[in-house]
Amino acid sequence: MTERIVNFSAGPGILPLAVLEQAQADLVSLPGVGASALEVSHRSAWFTGVIEEAEANLRALLEIPPSHRVLFIQGGATMQFSMLAMNLLRGTGRHADYVVTGAWGAKALTEATLEGAARLAWSDKDEGYVRVPETEELLESIEAEPAYVHITTNETIQGVEFPDTPIVPDAVALVADGSSDFLSRPIDIGRYAVLYAGAQKNAGPAGVTVAIVREDVLERIPDGLPTMLDYRTYAEHGSLYNTPPVFSIYVLMLVTRWLRDDIGGLTPMLERNQAKAALLYDVLDAHPDFYRGHAERTSRSLMNVTFRLPTEELERTFVADAAAAGMVDLKGHRSVGGVRASIYNSMPVAGVERLAAFMRAFGVARG
């Protein structure tokens, strides 16, 4: 096998090697099927088993209650920015509150304003998106009877993450874009009215988005929405109204099987993610005059470690030297610069240890 690089891409993220090998083995001809997973009908018995296991695995891993439906949709989280507001805000005569902790939350708010009265409830944009709100700040920011409150659980660009499921009043529908830390830790899924996540960070390849939608939300959806932008279409047809992204759902099923069987669930996954992130944050904290972390300590992401060096020239050298050493896609997002190491579920501990060692050596040599 060709040697694999250490890939710190923010997305699509890396996949478990065992999943890639299984997909490779099945690519030309699935056992008992005689055709590729890229060719099999979404109406086939094989795919019925795949999508049913994918949902069952998600339900087991996240402890999804019967009150919530699991939907497989296309269009990524970006389409959800509009779809969510169409389903939950359009025609309600109410407002929606958006808690904006980074670039993706800001984009979600912009799209929602096209559908109704979407309001910026809280933001630390003026601080540079370095933290999430404290519980009291969040509660104080919510205006009376919003249609929902929207958060982004992890901001990939700024490296800012909610450490726990935010607390909002029981009567308020909590909604989240959970794309970049989906399946990285246990969450209280029952507290969400809707949680949606593009698969391409932790759950599978690009092409499928998981939406976990509470039943009462489906009852609130207005009539007259475009068929493929109505959550009820997916709920009523088992996500099979049209041809779904068969291969992406198949790989998602393999990833959830890996999380279940190889990792042992989301609690061990969280422990592994915490250990990986600590390797890098320890370097930042040990060398504060050379490495400057972006997020405040209480809001640091376990998925995307973002930091700056003393000069942009040093940052360019860091990224180039790391690439020459087999560690790629460390350049920060173009909107903020710096360095970003995305260390999603599938990133091996050894890959993070390698980067941490490189950071220490680079800081000594250039500091």
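This is a predicted model: local features need pLDDT of at least 70, side-chain atom pairs count only at pLDDT 80 or more; totals for chains, interfaces and linings use all residues.
**Close-up A. Asp329 and Ser239 have positive phi values.**
Most residues other than glycine have a negative phi, and most peptide bonds are trans. Asp329 has a phi near 60 degrees, although this residue is not a glycine. Ser239 also has a phi near 60 degrees and is not a glycine either. Look for Ser239 in the loop between helix 7 (231-236) and helix 8 (246-263). Helices (H or I, at least four residues) and strands (E, at least two) are DSSP runs, numbered from the N terminus. Is Ser239 buried or exposed? With a relative accessible area of 4%, Ser239 is buried, while Asp329, at 47%, is partly exposed. Here, buried means under 20% relative accessible area, exposed means over 50%, and partly exposed is in between (1.4 Å probe, protein chains only).

**Close-up B. A cis peptide bond sits between Gly11 and Pro12.**
The omega angle of this bond is about -5 degrees. To find the spot, go to the loop between strand 1 and helix 1 (17-27), where Pro12 lies.

**Close-up C. Helix 11 keeps its buried residues on one face.**
Helix 11 covers residues 349-366, which makes 18 residues. From its first C-alpha to its last, helix 11 reaches 26 Å, close to the 26 Å expected at 1.5 Å a residue. (The expected span is 1.5 Å times one less than the number of residues.) Which residues of helix 11 are buried? They are Gly351, Val352, Leu355, Ala356, Phe358, Met359, Phe362 and Gly363. Seen down the axis of helix 11, these buried residues fall within an arc of 165 degrees, so they line one face of the helix. (The arc is that of the directions from the helix axis to the C-beta atoms.) Val364 and Ala365, on the other side of helix 11, are exposed. The cover over the buried residues includes strand 1 (6-7), helix 9 (266-286), strand 12 (304-308), helix 10 (312-324), strand 13 (327-328) and strand 14 (339-342).

**Close-up D. Helix 9 packs against helix 11.**
The angle between helix 9 and helix 11 is about 5 degrees, and their axes are 9 Å apart. That makes helix 9 roughly parallel to helix 11. On the helix 9 side, the contact is made by Arg272, Lys276, Leu279, Leu280, Val283 and Leu284. Their partners on helix 11 are Val349, Val352, Glu353, Leu355, Ala356, Met359 and Arg360. Contact means heavy atoms within 4.5 Å. Axes are lines fitted to C-alpha atoms, for helices over the stretch in contact, and angles run from 0 to 180 degrees between N-to-C directions. Angles under 35 degrees count as roughly parallel, over 145 as roughly antiparallel, 65 to 115 as roughly perpendicular and the rest as oblique.

**Close-up E. Helix 10 also packs against helix 11.**
This time the angle is about 135 degrees, with the axes 11 Å apart. That makes helix 10 oblique to helix 11. From helix 10, Leu314, Thr317, Phe318, Asp321 and Ala322 meet Leu355, Phe358, Met359, Phe362 and Arg366 of helix 11.

**Close-up F. Lys276 is a buried residue of helix 9.**
Lys276 has 0% relative accessibility, which counts as buried. Leaving out residues up to four places away in sequence, Lys276 touches Ile343, Tyr344, Asn345, Met347, Pro348, Val349 and Val352. Lys276 and Tyr344 are 68 residues apart along the chain, yet their C-alpha atoms are separated by 9.5 Å.

Val6 counts as buried, at 10% relative accessibility.

Conventions
Residues are numbered from 1 along each chain as its sequence is written. Side-chain values use heavy atoms; hydrogens and water are left out. The expected span of a helix is 1.5 Å times one less than its number of residues.
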